[in-house]
Each structure stands twice: as C-alpha cells, then as structure tokens.
Amino acid sequence: MTMTNNHLTPSFQPADRIASFKPYYFASLNRKIDSLRAQGKDIIRIDIGSPDLPPADFIVEALIESSKLKSHHGYGPNGGPFAFKQAVAQYYHRRFQVELDPSSQILGLIGSKEGLFHLSQVLVNPGDVVLVPDPGYPVYKASGLIAGAEIYSLPLTAENNFLPNLDSIPTDIANRAKILWLNYPNNPTGAIADLKFFEKAIEFGRKYNCVIAHDAPYTDVCFNGYKAPSILEVPGAQEVCVEFNSLSKTYNMAGWRVGMALGNAKIISLLHTYKSQLDTSQFTPIYDAGVTALSEDQSWLNDRNDIYQERRDIILNAIRSVGFQAETPPAAIYIWARLPEGFEDSMYFCNRLLEEAGLSITPGVIYGEHGEGFVRLSLCTAAEKLQIAMERLITWMNTQKN
Ligand SMILES: Cc1ncc(COP(=O)(O)O)c(C=O)c1O
C-alpha cells in the first residue's frame, strides 16, 4: 500500500476553556527541582504545604487491616460509604457542636481540591460572577474561569486583617455573584476569622442569593491554644453555606486524598450528581482509615501542632532578622512574609533563591496580584533542616546587600 500526501499531520487545539491555562505552579516547580537535583544541586523545599509527618500509627494500621478484607477491593459507593459520612457528622458535632445529616449533608471527596473545583461547575453559568479572595488558593479562580465566570477579586491585606471587605462589593456585582469563596485559617496568609465575620458573610449570601463556600482544611492546625471555628457554627449557616474540609492537613494524610463537603443539602446533592459522572469513589480502606482518624484518639494532634509551632518560630526569627515583615500566624502551616526593601518581584526573588542558594519558597504572586511583593514559607520541614534552610537564606540575603 502506498501512502498519499493527502494525510495532513493532525493539529489538535485546546478547548477555549483551557487554552490560556498553564500547568499548576507546583507541577512546574516539581519538574524544575527534579532537573536541578539531577544536576547534583542540593535543594531544600519549604514551598508546598504537604505535611512531612505521617498520620498516627493506628490510622495506618486501620488501612492495612481493612485492605486484608477480600470484600474491600471492589468499587465503593460514590461520595463515600455511610460509615465515613457518619464519622464526619460525629466529628463536626464533637469539634464544632454542628448537627449534620450524614445522608444528605455530607459528601466524601478525593481530597477537598476536587470538590472546590466542582462547585463552580455545578453553580456557575458563563458570565456569572465568582467572588475570589486575592491572595487566595488558586483553585477558586481557576475553577471559576473554566466554568466561564467573571472573577471579581477581593483584596486581602494586612490593613483589613486579611478579611475581604464585603461592603466594598458593588451592588451590580453582588447581584450577579454565584459564589463567595472564604478560607480561614487562611492559605497563604495564615490569617483567621471569627464567627462575627462569618455571620456577615452569611448575611451577604442571604441578601444576594449567593452561595458562601468556606474552604476549611486548617481548622485543626492551630497554635497557642487557638481553636478555629467552622462557618457552620453560625445559626442558619446551612441555608447558604457549603464547607469543605479535609483529612490532608488535620491528620497528615495529604497523599491519601480524602476530604469532604458539608452543609446545604441542595449543594451537596448537586456536587454528588456532578462527581458521580466522573469518578468511581476511592479505595474502601482509605475511607475506613478515615473513620478511624476522625473517631479515635485526637490527642496526637496537639503534639503535631507543637512541632509546627516550633518550626514557625524558627522561620519567623530568621526571616525577620534579614528584613522580611511577617505576622505570627495563629494557625495553618504557612508564613506569609513581605519581601525586604529593595525586592518587589516575588517570582524573580524565588527563582534566584532556588538557583543560587538551593532554597525553594513560594512566590506570593501565584496567589493573586495582591500577593506580589510577598513570599510564602511552609512549615512542613523538620526543625534541623529548617535551620540549614534559614542559614542559606540569611547568607544569600547578605550577599544581596553588597
Ligand atoms: C486552602 C486550601 N484548600 C484546599 C486544599 C487542598 O486540600 P486537599 O488535599 O484536601 O485537596 C489546600 C491544600 O494545600 C489548601 O491550602
């Protein structure tokens, strides 16, 4: 058979909804760091918020025991088994005094990131507005853009305690808003919100028929006795709120991919409908271990939080000594620091620090334009290694002054 010249090389074009996207920042960073390491460079990473400590042994044991059961290797129920939802409901009752119906108000997720992304797909039509904090976790904006939303940014600044000013939102924007995103304890700033602020947000949601989506994976990573609230503690919250939570940071289970959406039954049902079209649940033993994590001894979390607190203070002491300005975060696993005088471009700063000093931290600009001039340092590295990291930073900063 002879080949004719009629065959053109196929040229596939991305769909409009994805055409302007680049890979997620940390996906590109991983590739860059792999390449530097392959060249023999020693790199210390304090960029990503992936807990370096393991879950308690009894949680891992629960996974092992469950995986020995022959019946636990088939497809599980989409959105998680009832036992998991029940354990989440009991956890919310014990931890926040919030009552939730496990069947209609709780949905298991493949990590909360999955549910955050889906929320825009189930609520937003092209041209609707999504209200997004800036700086903020990138998925809020990306998922809104992919759904065709117009993004309206809410600046989070030190002057407003890193809380969005809801009164500043123009009425015509508020009328078109489908989702208001909130996240406390906050990534990347480490800021917290109280119930008074949540009440105000819920009032906004009621007034403008806008879903209040509270992303809350850090509620159990708190320091100095602080206890972060759930937005669902506000009476009537379930009329307009969905909260996302996760076992990733609370129980050091980020790689296990297990999270949950909770609250308004209509939204939970929409998320379930959407999600059941595209995934077929997780490995049953992961959910079984999740039940163990949520239900059994919680005291180990205090020791884990003390470890983070020690790391937090090592970083704060070091960075403040070379001119960074940073508040002491009462929760979450990040330090949000303004670059010292003379530095503005956070991406340029982080690239040079990585290449010249072998230290990787996160440029604030990836969280939005109000993150420019800032960097985020994560607490997910052991104290001894952090000391070395801070020595590298201080030495490198001193060479910049000459
Ligand atoms: C604010 C925020 N939301 C959600 C997530 C995603 O968590 P998960 O591992 O549950 O998908 C993260 C992870 O860093 C986060 O910082």
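About 480 Å³ of space lies in the second largest pocket of this predicted model. A pocket here is an open set of points on a 1 Å grid over the protein atoms alone, with protein on both sides within 12 Å along at least five of seven lines; its volume is the space filled by probe spheres set on the points, which are joined across faces, edges and corners. The model is predicted, so to speak plainly about its limits, local features need pLDDT of at least 70 and side-chain atom pairs count only at pLDDT 80 or more, while totals for chains, interfaces and linings use all residues. Residues are numbered from 1 along each chain as its sequence is written, and side-chain values use heavy atoms, with hydrogens and water left out.

The second largest pocket is lined by 24 residues, and Tyr24, Gly49, Lys113, Tyr137 and Lys249 lie nearest its centre; a lining residue has an atom within 4 Å of a point. Two or more residues of this lining come from each of α6 and α10 (247-250), helices being DSSP runs of H or I with at least four residues, numbered from the N terminus. Helix α6 gives the most, with three residues. By class, the lining holds eleven nonpolar, eight polar and five charged residues, where Ala, Val, Leu, Ile, Met, Phe, Trp, Tyr, Cys and Pro count as nonpolar, Asp, Glu, Lys and Arg as charged, and the others, Gly among them, as polar.

The largest pocket has a volume of about 770 Å³. Its lining comprises 25 residues, with Phe21, Pro138, Lys141, Ala142 and Ile366 the closest to its centre. Elements that give two or more residues to this lining are α6 (112-123), β3 (129-134) and α7 (138-146), of which α7 gives the most, with six residues. The lining divides into 16 nonpolar, four polar and five charged residues.

Five of the five residues of β13 (residues 374-378) are buried, so the strand is largely enclosed by the rest of the structure; buried means under 20% relative accessible area with a 1.4 Å probe, protein chains only, and a strand is a DSSP run of E with at least two residues. In a regular strand, side chains alternate between the two faces of the sheet. Both faces of β13 are covered, with Phe374, Arg376 and Ser378 buried on one side and Val375 and Leu377 on the other.

Strand β10 (residues 334-338) runs antiparallel to β13 and is joined to it by five bridges, with Arg338 opposite Phe374. Strand β12 (residues 362-363) also pairs with β13 in the antiparallel sense, over two bridges, and here Thr362 stands opposite Arg376. Pairing requires that DSSP finds at least two bridges between two strands.

Note on methods
On a 1 Å grid over the protein atoms alone, a cavity is a set of points where a 1.4 Å probe fits but cannot get out, and a pocket is an open set with protein on both sides within 12 Å along at least five of seven lines; lining residues have an atom within 4 Å of a point. Buried means under 20% relative accessible area, exposed over 50%, partly exposed in between (1.4 Å probe, protein chains only).
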